[in-house]
Amino acid sequence: MKKIWLCMITILAVVSLSACSTSPTKDNSSSDKSFKESVSLQSESLSKSYSISESESIERQSASISIAKSESESKSIAESSASVADSISKSNELASSSQEAAISLERNSQDTETTTASDPNSRTVYVVNNGTTNVYWYSQTAIHPIPKNPVISMTEGEALAQGLHHSKTE
């Protein structure tokens with residue numbers, strides 16, 4: 001668009017100067033000279049204005065590019081913030097569910113203890129070496145050293161009937 005205006009102004013200047021030069025003059029060389037000078041001056045001023053316009057357009061383009069970059073950076077920051085918030089909420093949900101599971105497990109163990117206290121023969125016990133040892137444990141985690149042979153489970157009443165006794169190390 002700017003080039004079209006530049007061409008139109010140049011043509012207009014040439015036409016107006018040629019109209020002036022058709023008037024009768026005594027010295028054609030001086031009018032030719034002044035015509036060429038005015039055309040060159042107009043061309044220079046037009047090229048200066050064009051270069052200014054071009055530099056302004058480059059500045060505007062660079063400004064719009066930097067704005068677009070900052071908008072994309074803001075968008076990526078917002079997306080990462082949202083994902084962090086989701087992760088935090090999920091971890092909070094997991095923590096609350098694990099707390100609920102721990103409370104439930106504690107209640108179950110308390111229920112088991114009250115049940116076993118009322119009926120000691122129904123309590124589950126663990127015997128190492130496929131039941132060939134003389135002792136039993138109430139918890140598998142209490143068995144030390146860790147057995148290499150299979151550990152079997154049975155009720156305390158069955159263990160007592162086989163002549164087993166409770167481990168002294170538990």
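This is a short tour of a predicted model, stop by stop. Local features need pLDDT of at least 70 and side-chain atom pairs count only at pLDDT 80 or more, while totals for chains, interfaces and linings use all residues. Numbering runs from 1 along each chain as its sequence is written, and side-chain values use heavy atoms, with hydrogens and water left out.

**Whole chain.** Show the cartoon. The protein has 3 helices and 4 strands, as DSSP runs (helices H or I, at least four residues; strands E, at least two; numbered from the N terminus). Their order along the sequence is α-α-β-β-β-α-β. Switch to the surface. Its accessible area is about 13,000 Å², 59% of it from carbon and sulfur atoms (Shrake-Rupley, 1.4 Å probe, only the protein chains shown counting as cover for residues). Of the 170 residues, 12% are buried (under 20% relative accessible area, 1.4 Å probe, protein chains only).

**Largest core.** Select Val125, Val127, Tyr136, Met154, Ala159 and Leu164. These 6 residues form the largest nonpolar core, a set of buried Ala, Val, Leu, Ile, Met, Phe, Trp, Tyr and Cys residues joined through side-chain atoms within 4.5 Å. A separate second core has 5 residues, among them Val135, Trp137, Ala142 and Ile143.

**Val127.** Centre on Val127. Beyond its neighbours within four places in sequence, Val127 is in contact (heavy atoms within 4.5 Å) with residues including Thr132, Pro150, Ile152 and Leu164.

**Helix α1.** Finish at residues 2-21, helix α1, where Trp5 sits.

Methods
Buried < 20%, exposed > 50% of the residue type's maximum accessible area, 1.4 Å probe, protein only.
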